[in-house]
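Subject: Structure for you to look at

Hello,

Here is the structure I promised. My notes follow below it.

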Amino acid sequence: MTSAIEFKNVVKTFAKANGSVQAVLDRVSFSIPAGKTTVVAGGSGQGKSVTLKIILGLMQPDSGQVFVHGREVTRASGKELEALRTQFGVLFQGAALFDSLTVFENIALPLRERTRKSEQEIRRQVEKTLAQFELTGHEDKYPAQLSGGMKKRVGLSRAMQLSPSIMLFDEPTTGLDPVMTQDIYHLFAKTQAEFGFTSVIVSHDIPKIFNLADQVIILNSGKMDVFDSPEQIQWSEKPHIQEFVQTTMGTIYQSHLVEK
Ligand SMILES: Nc1ncnc2c1ncn2[C@@H]1O[C@H](COP(=O)(O)OP(=O)(O)OP(=O)(O)O)[C@@H](O)[C@H]1O
Ligand SMILES: [Mg+2]
C-alpha cells in the first residue's frame with residue numbers, strides 16, 4: 001500500500017517553564033496510507049495538533065524525517081513547502097475563518113486565490129457547497145454572527161474547495177450536535193469515495209469516528225500505537241490502551257475485560 005505521509009523516528013520536545021524538557025513526540029514512526037482515513041486519538045496535550053503542524057511543515061521536529069508523497073518535508077525550502085501545502089485541505093482546531101469576510105467569501109477564497117475560475121463558476125460551486133453543509137441562507141453572514149457548529153461547517157467546506165489530495169482535520173465535529181456530526185461523517189465518506197483523497201482526522205469523538213477509520217493512531221506520552229481496527233484496539237494488552245478503551249469506548253467494547 002502506498003503511503004501519503006511517513007514519519008521516521010520523529011522527535012519533538014518543548015522546554016517547560018520549570019526548565020524540564022517535555023517530549024511530545026518521542027522517536028515516532030508511522031505511515032498514513034494514501035486514499036484511506038486515519039483517525040488520530042489521544043488525550044488533551046498529547047501532541048495531536050503538533051503532529052498535524054509537523055506534517056504541514058509549520059513546525060520543525062528536533063530530529064527525524066517526515067515525508068509527504070515521498071518528498072521530505074523536513075528538508076524542504078520555503079518555496080517547496082508552499083507547493084507542498086497546496087496539496088492539503090486543512091481545518092485547524094477552532095475553524096480560523098476570516099472575520100471580515102462573509103460565509104460566501106470565506107468559502108470562495110481558495111477558489112479566487114488558487115484557480116482561474118470565472119465568477120459564475122465560483123458562485124455555482126460555492127452554492128453547491130453551501131447546500132451540502134446546510135448553510136444555504138447564511139452566506140451573507142459574518143463569522144461573528146454564526147454559531148460554533150456553523151463556523152466549523154464553513155471551515156470544513158472551505159478546506160474542501162480545491163479537491164485536495166490530503167485532508168487534515170483537527171476535531172472537525174467538536175461542538176456539533178449528534179445529527180450534524182453524523183451528517184458530516186456521511187459527507188466525508190461520500191466525498192472521499194468520490195475523490196479518493198487521504199484523510200487524517202484528529203478526533204475526540206470516540207468510538208463513533210471509528211466507523212470512518214481505516215487506521216487508528218493513539219498518541220500517549222510521546223509514543224504512538226497504530227491499529228487497523230477498533231477491535232484490535234480493545235484487544236491490546238498495553239495498560240494505557242486498555243485504559244483508553246475503558247474511558248472512551250464504553251461497555252459494549254469491554255466484554256473481554258469482564259470475562260477475564
Ligand atoms: N509552540 C509551543 N510551545 C511550547 N509548547 C507547545 C507548543 N505547541 C504545543 N506545545 C505543547 O505540546 C503538547 C501537545 O500539544 P498539542 O496541541 O499537540 O496537543 P493536542 O493533543 O492537540 O491536545 P488537544 O486535544 O487539547 O487539542 C502540549 O503540552 C502543549 O503545551
Ligand atoms: Mg489539538
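Start with helix α1, residues 48–55: Lys48, Thr51, Leu52, Ile54 and Ile55 are buried there. The buried residues of α1 fall within an arc of 160 degrees seen down its axis, so they line one face of the helix. (The arc is taken over the directions from the helix axis to the C-beta atoms.) Buried means 20 or more other C-beta atoms within 10 Å of a residue's own, exposed means 12 or fewer, and partly exposed is in between; C-beta atoms are placed from the backbone. Helices (H or I, at least four residues) and strands (E, at least two) are DSSP runs, numbered from the N terminus. Just after α1, Gly57 has a positive phi of about 75 degrees.

This is a predicted model: local features need pLDDT of at least 70, side-chain atom pairs count only at pLDDT 80 or more, and totals for chains, interfaces and linings use all residues. Residues are numbered from 1 along each chain as its sequence is written, while chains are lettered from A and ligands numbered from 1 in the order in which they are written.

Next, ligand 1. Its surrounding residues (C-beta within 6 Å, placed from the backbone) include Gly45, Lys48 and Gln93. α1 gives the most to this shell, with 3 residues.

Last, Ser163 sits in the loop between α5 (148–159) and β7 (166–170). Ser163 counts as exposed because it has 11 C-beta neighbours inside 10 Å.

Best wishes
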